[in-house]
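Here are my notes on this model, point by point. Please read them with the structure open.

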Amino acid sequence: MNIHEYQAKALLKSFGAPVAEGVAIFSADEAEAAAKSLPGPLYVVKSQIHAGGRGKGKFKELGPDAKGGVRLAFSIEEAKAHAKEMLGHTLVTAQTGPAGKQVNRLYIEDGADIDRELYLSLLVDRSVGQVAFVVSTEGGMDIEAVAHDTPEKIVNVAINPEAGVTADDLAKLTAALKLDGEAKADAEKLFPILYKAFVEKDMSLLEINPLIVMKNGRMRVLDAKVSFDGNALFRHDDIKALRDETEEDAKEIEASKWDLAYVALDGNIGCMVNGAGLAMATMDIIKLYGKEPANFCDVGGGAGKEKVAAAFKIITADPKVEGILVNIFGGIMKCDVIAEGVVAAVQEVGLKVPLVVRLEGTNVELGKKILNESGLAITAADDLDDAAKKIVAAING
Ligand code: ADP
Ligand code: MG
């Protein structure tokens, strides 16, 4: 689960991290009061969407010369004008995809006098099985280019979970970021705070780009992107309350209610599969035959008929879906349960696109019988390869 920058900053502030004063607003009318409550004279008006690259982003409706999704304002009047222009419009950034995201919230923040922009993130480094800091002196808006062109400028420091952030770790991090004086002292306080927040709140990513050194020599968290481990949300009601469903795919929200592993994708073959590995293989083989999957969907092992029907309904409700491939290897999941779920869903919502079903494993004969006797126009497939060929052929007409 992702949250907005302003929410991430409030959370980090509660752990003691230095962040600027700021106010989140939902309508342009609130801009004036928000700006007035800040020290000034520099204000920054920041689009709140669940995607980065806002500074360099472009508003779809505003033409090529309009400013981006993060704007400096040198007066309260200017902050108001930016807020009015930005709210309700669609921001396209390198991370939103061409469709962009509508800006429904803004964060008006105290402007900082920036000396240096650094990069810092915390993530779970699977290769060492530890939480790791990733830092670079080359922070700001182009970290992807730095990673690509000059990877030696990115330094990785993994943290031993028993020891926490040690003096040795801090020495490595502050040296990598070329910090000294007050900035170094600030960093030595900040880094353990960030690590603590990451671990306590079960984050999967905490990215601060940029982390800045100000002209007065002090550090500040200037941008913050946080993702949480969805499997740990049950123990963080405070984090769950920060969820902004308008930022999420409606199909994914419905799927999460049913505890389905579902990810919306851009193609047009809807997939219903059991097991993540089989789901990945199914997507691969669809691509091999020249088409793209419309989704990843793992109904899991112990699903009942209702959950299977819910999954099928989510897939058919996607207007991009031109054909559906059900690929089930019944182990714990029984083929007859899948068949009953599919039949129940189709009886409720109908079937307007070709459906190819490949069933194998536990209760396969019973499953096939249920599908055959349902009277539905289903194409049966013998194996994964056959199934992928058949659904691609059906779509190509
Ligand atoms: P994004 O990464 O989505 O483009 P950022 O929050 O990193 O958004 O903002 C982009 C740039 O805008 C930053 O790299 C920084 O130069 C500038 N900026 C952002 N917030 C402030 C602020 N409070 N004061 C001064 N400059 C800012
Ligand atoms: Mg940024």
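1. Start with helix α3, residues 76–86. A79, H82, A83 and M86 are buried there. Viewed down the axis of α3, these buried residues fall within an arc of 100°, so they line one face of the helix. E77 and K84 sit on the other side of α3 and are exposed. Keep in mind throughout that this is a predicted model.

2. Now the overall layout. The protein has 397 residues, and 49% of them count as buried. Its secondary structure comes to 13 helices and 19 strands. Along the principal axes, the C-alpha atoms fill a box of roughly 75 × 50 × 40 Å. The division is into domain 1 (18–110), domain 2 (114–239) and domain 3 (248–396). Between the C-alpha centres of domain 1 and domain 3 the distance is 41 Å.

3. Look next at the polar contacts of ligand 1. An N or O atom in the side chain of E109 is 2.7 Å from a nitrogen atom of the ligand. An oxygen atom of ligand 1 lies 3.0 Å from a polar side-chain atom of D223. N209 uses its backbone instead: an N or O atom there lies 3.1 Å from an oxygen atom of ligand 1. On its own, ligand 1 has 540 Å² of accessible area, and the protein covers 91% of that.

4. A cis peptide bond joins N209 and P210, with omega about 10°. Another cis peptide bond runs from G40 to P41, with omega near 0°. P41 is in the loop between α2 (31–36) and β2. I would point these out because most peptide bonds are trans.

5. Is S136 buried or exposed? With a relative accessible area of 1%, S136 is buried, since the cut-off is under 20%. S136 lies in strand β9, residues 130–136. A polar atom of the S136 side chain lies 3.0 Å from the backbone nitrogen of E138. The backbone oxygen of K153 lies 2.8 Å from a polar atom of that side chain. K178 is in the loop between α5 (167–176) and α6 (181–200). At 60% relative accessibility, K178 counts as exposed.

6. Last, backbone angles. Most residues other than glycine have a negative phi. D259 has a positive phi of about 60° although it is not a glycine. D259 lies in the loop between α8 (250–257) and β14 (261–264) and is exposed, with a relative accessible area of 62%. N363 also has a positive phi, near 60°. The place of N363 is the loop between β18 (355–361) and α12 (364–373). At 33% relative accessibility, N363 counts as partly exposed.

Key
Residues are numbered from 1 along each chain as its sequence is written. Chains are lettered from A and ligands numbered from 1 in the order in which they are written. This is a predicted model: local features need pLDDT of at least 70, side-chain atom pairs count only at pLDDT 80 or more; totals for chains, interfaces and linings use all residues. Side-chain values use heavy atoms; hydrogens and water are left out. A polar contact is a pair of N or O atoms within 3.5 Å; within protein, one must be able to donate a hydrogen and the other to accept it, and residues adjacent in sequence count only if both atoms are side-chain atoms. Accessible areas come from the Shrake-Rupley method with a 1.4 Å probe; for residues, only the protein chains shown count as cover. Domain bounds come from an automatic or database domain assignment. Buried means under 20% relative accessible area, exposed over 50%, partly exposed in between (1.4 Å probe, protein chains only). Helices (H or I, at least four residues) and strands (E, at least two) are DSSP runs, numbered from the N terminus. The arc is that of the directions from the helix axis to the C-beta atoms.
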